[in-house]
Every structure is written in C-alpha cells, then in structure tokens.
Amino acid sequence: MKHPHLLILSLLLPFIACNRSDNTITPIDISQYYEGKTNLTEAESQEINERILTDQQRATIGKTIPDIKVKDIDGKEFRLKKLIQNPSVVIFSAHNSSWGKRDAEVDFPNAIRALEDEMDGIDIFCLVENNADYDQNAVMDYAWQLQKNYSKVYLIDQKDAQSMNLSICPTKYFINEKHVVTDMYAGYAFEEEDRQLILLSGIYSMQEKL
C-alpha cells in the first residue's frame, strides 16, 4: 500500500551501525499504522511516517534478504540472492511514482557518476515494482527506460517487495556479499550533495565487518 505523502518525503536517514544477524527481514504492514485514523493533520502524518521508517529500519538493517524471485525484462526468473554476489546497491522504484522515477532515471545515475571511483566493485540493481493491476505496458516501458543507465533491471512482485520492506519509492538498500542489508534510505533527497552523502554512507556500511 502506498501513501502519496510518503513518496514525496525527503529523508536522510542516519547511518545505523549494526551487528550481523542471520535473521531474515521482518516485513512491516504499513496499513496498520493508519487503522482507525482519518483526517490526519500534517504533523500527525509526519509522526506516522517517522514511526514507519524507524520500524522498517529496525526490521531490515542487519537482516538477510528473503529468498524471493525477480524477473528480467524478457520474463526470465531469477533468485535475487543468486544475482547478488558482490556488495550491491538496490534501488526500488515504480512506474507510477513521480519522485521515484526521477530519482532512478536522473538523480541517482548522476550521483553514481560523481562517485565513480567509490562505486568501483559495487553492483547496482534496479527493482521495478509490478502487480497484476498495473498497466503492464507502462511497467515495461519504464523498465526499458531504466536500462539506459543500468544493466541490471528486474521486475519484483509487489508482495515480494513488501516482504523486503520495499514500499516507499524510491528506496535504496545497501547489501553486502553475504546478503545482509547494511543500510537503507527511503524517500527522495532534493539536494545533489545529499544524494551523494547517501551513497557514501551506504558504501561505508557495506565495508564494515558485520
């Protein structure tokens, strides 16, 4: 379930040091935060957003990713754990998210180019959310568009994305070669310096011994 006010949120979540855990990511049900709540004020919405993001961090950072399948643009299935063999940055987006699309198509590639040396040896994956209710032509057009900047573009079912706490577009996961999420950032950063800081902090987290 997506909430527009989450998608346009500009957040720089602080780096959280963590100990290695063999536990898998625990999915957070975002809808439960809104049960029985109507006509929220801006302050109340912001408070809920912060709770969701904090809980997602606690349930995700230091945890291994679940053993899910993704599909490439040709429809071939792969296990995400098999694909991730090196330290990797995973950017999650969707064709119907304006801020997510801009981040994945324009701003994030610019940040990567600015930090080319620091990104050496790190793989980059794009996961495009999909489900049966989406316009499949629009989803595929967006995936093809992303291939202009990324060689590893895959479609992920919405339920599988939610099992990884990928529910806010864009979200970036930093995953080490042991499939542990070492850092995560949810939301759109408006400043170029902030986008580069996100990358640098995430790269540093993947280099830590967990």
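## Loop between helix 6 and strand 6

N165 sits in the loop between helix 6 and strand 6. In this predicted model, N165 has a positive phi of about 65°, although N165 is not a glycine. Its relative accessible area is 2%, so N165 is buried.

P170 is also found in the loop that runs between helix 6 (158–163) and strand 6 (171–175). The peptide bond joining C169 and P170 is cis, with omega about 0°. Most residues other than glycine have a negative phi, and most peptide bonds are trans.

## Loop between strand 6 and strand 7

H179 lies in the loop between strand 6 and strand 7 (181–186). Phi of H179 is positive, near 70°, and the residue is not a glycine. With a relative accessible area of 17%, H179 is buried; the cut-off for buried is under 20%.

## Overall architecture

The protein contains 7 helices and 7 strands. Read from the N terminus, the order of elements is α-α-β-β-α-β-α-β-α-β-α-β-β-α.

Of the 210 residues, 52% count as buried. Among contacts between residues at least 6 apart in sequence, 77% join residues at least 24 apart.

In soluble globular proteins, nonpolar side chains tend to be buried together. Here the largest nonpolar core has 28 residues, and V89, F108, M119, L146, Y150 and L199 have the most contacts inside it. Two or more residues each come from strand 3 (88–93), helix 4 (98–114), strand 4 (123–130), helix 5 (136–146), strand 5 (153–157) and helix 7 (192–207). Apart from this core lies another, of 23 residues, including L80, V90, F92 and I156.

Leaving aside residues up to four places away in sequence, M119 touches V89, I112, I124, L199 and I203.

## Packing of helix 4 and helix 5

The axes of helix 4 and helix 5 come within 10 Å and cross at roughly 30°. Angles under 35 degrees count as roughly parallel, and the two helices, helix 4 and helix 5, are therefore roughly parallel to each other.

Helix 4 contributes G100, K101, A104 and E105 to the contact, and helix 5 contributes Y142, Q145 and L146. By type, the residues of this contact divide into 3 nonpolar, 2 polar and 2 charged.

## Strands 4 and 5

Strand 4 and strand 5 run parallel and are joined by 5 bridges. The bridge partner of C126 in strand 5 is V153. Strand 5 is mostly covered, with 4 of its 5 residues buried.

Methods:
Residues are numbered from 1 along each chain as its sequence is written. This is a predicted model: local features need pLDDT of at least 70, side-chain atom pairs count only at pLDDT 80 or more; totals for chains, interfaces and linings use all residues. Side-chain values use heavy atoms; hydrogens and water are left out. A nonpolar core is a set of buried Ala, Val, Leu, Ile, Met, Phe, Trp, Tyr and Cys residues joined through side-chain atoms within 4.5 Å. Buried means under 20% relative accessible area, exposed over 50%, partly exposed in between (1.4 Å probe, protein chains only). Contact means heavy atoms within 4.5 Å. Axes are lines fitted to C-alpha atoms, for helices over the stretch in contact, and angles run from 0 to 180 degrees between N-to-C directions. Angles under 35 degrees count as roughly parallel, over 145 as roughly antiparallel, 65 to 115 as roughly perpendicular and the rest as oblique. Ala, Val, Leu, Ile, Met, Phe, Trp, Tyr, Cys and Pro count as nonpolar, Asp, Glu, Lys and Arg as charged, and the others, Gly among them, as polar. Two strands pair if DSSP finds at least two bridges between them.
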